[in-house]
Amino acid sequence: NQRLPEITRHPTSSRLTMNPRRPPTTPSQGFTLVELMITVAIASILLAIGVPSFLNAINSSRLNGAANELLNDLMFARTSAISQGQRVVVCSSNNQTNCTATSWATGWVVFDDLNRNGSVDAGETVMRAHQALPNTLVATPSGVGTAVAFLPSGMVNGIAGNIEFCLPTTQPPENIRRIVIAAPAGRVRTEQDHSVVPGVCP
């Protein structure tokens, strides 16, 4: 026989209410120990694969960014020298106002060198200034020293050389970006150095 629903009376009224019996609920079940161990193992594998790739991408971006920023300022200096018909210098600087540093990693400035003495003097304009690079980045010049001067012809006043930006890491293995300055034409470009030992900075 079918069981009839219970009838109860509301405590504050004379209304009768119907309270049908609810079906029993099934208790929820969590992860078993085996399932949890499998999940942790899969997560560990994904991290082992993903973290090195992520570090490679981050470090490559930092290297490329630093090299391209100096490359752009060198190209700007060359173009300015040609368009203004005067000598323009890019030099390392730790105060972003004058040629006061021995390392490109401390930053650099671009200025019109009207009296051709390689220093920012009264009446000469600092056209661009770049702040110091992150501490982990190493910048090493070869041939060009700590200053590059462009003549009104666009040529370089000096010998050819390069400036290398390096991160002491094996992620990526190609941890050096080199800016090559061709003399006497004054053209500049970037390239990777595949000959060095990964993780080592010159």
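Here are a few friendly notes on the salt bridges in this predicted model.

1. First, the ground rules. The model is predicted, so local features need pLDDT of at least 70 and side-chain atom pairs count only at pLDDT 80 or more, while totals for chains, interfaces and linings use all residues. Residues are numbered from 1 along each chain as its sequence is written, and side-chain values use heavy atoms, with hydrogens and water left out.

2. Searching the whole structure turns up five salt bridges (a side-chain nitrogen of Lys or Arg within 4 Å of a carboxyl oxygen of Asp or Glu). Among them is the pair Asp-113 and Arg-87, at 2.9 Å from N to O. Asp-113 sits in the loop between strand 4 (108-112) and strand 5 (126-130), and Arg-87 in the loop between helix 1 (33-84) and strand 3 (88-92), so this contact ties together parts 26 residues apart in sequence. Helices (H or I, at least four residues) and strands (E, at least two) are DSSP runs, numbered from the N terminus.

3. Are these two partners buried or exposed? Asp-113 is buried at 1% relative accessible area, and Arg-87 is buried at 12%. Buried means under 20% relative accessible area, exposed over 50%, and partly exposed in between (1.4 Å probe, protein chains only).

4. Glu-164 and Arg-178 also pair up, with their closest N and O atoms 2.7 Å apart. Glu-164 belongs to strand 8 (residues 161-166) and Arg-178 to strand 9 (residues 176-181), 14 residues apart. Both residues are buried.

5. Glu-191 bridges to Arg-189 at 3.6 Å between the closest N and O atoms. Here Glu-191 is partly exposed at 28% relative accessibility, as is Arg-189 at 45%. Through shared partners, salt bridges join Glu-164, Arg-178, Arg-189 and Glu-191 into one network.
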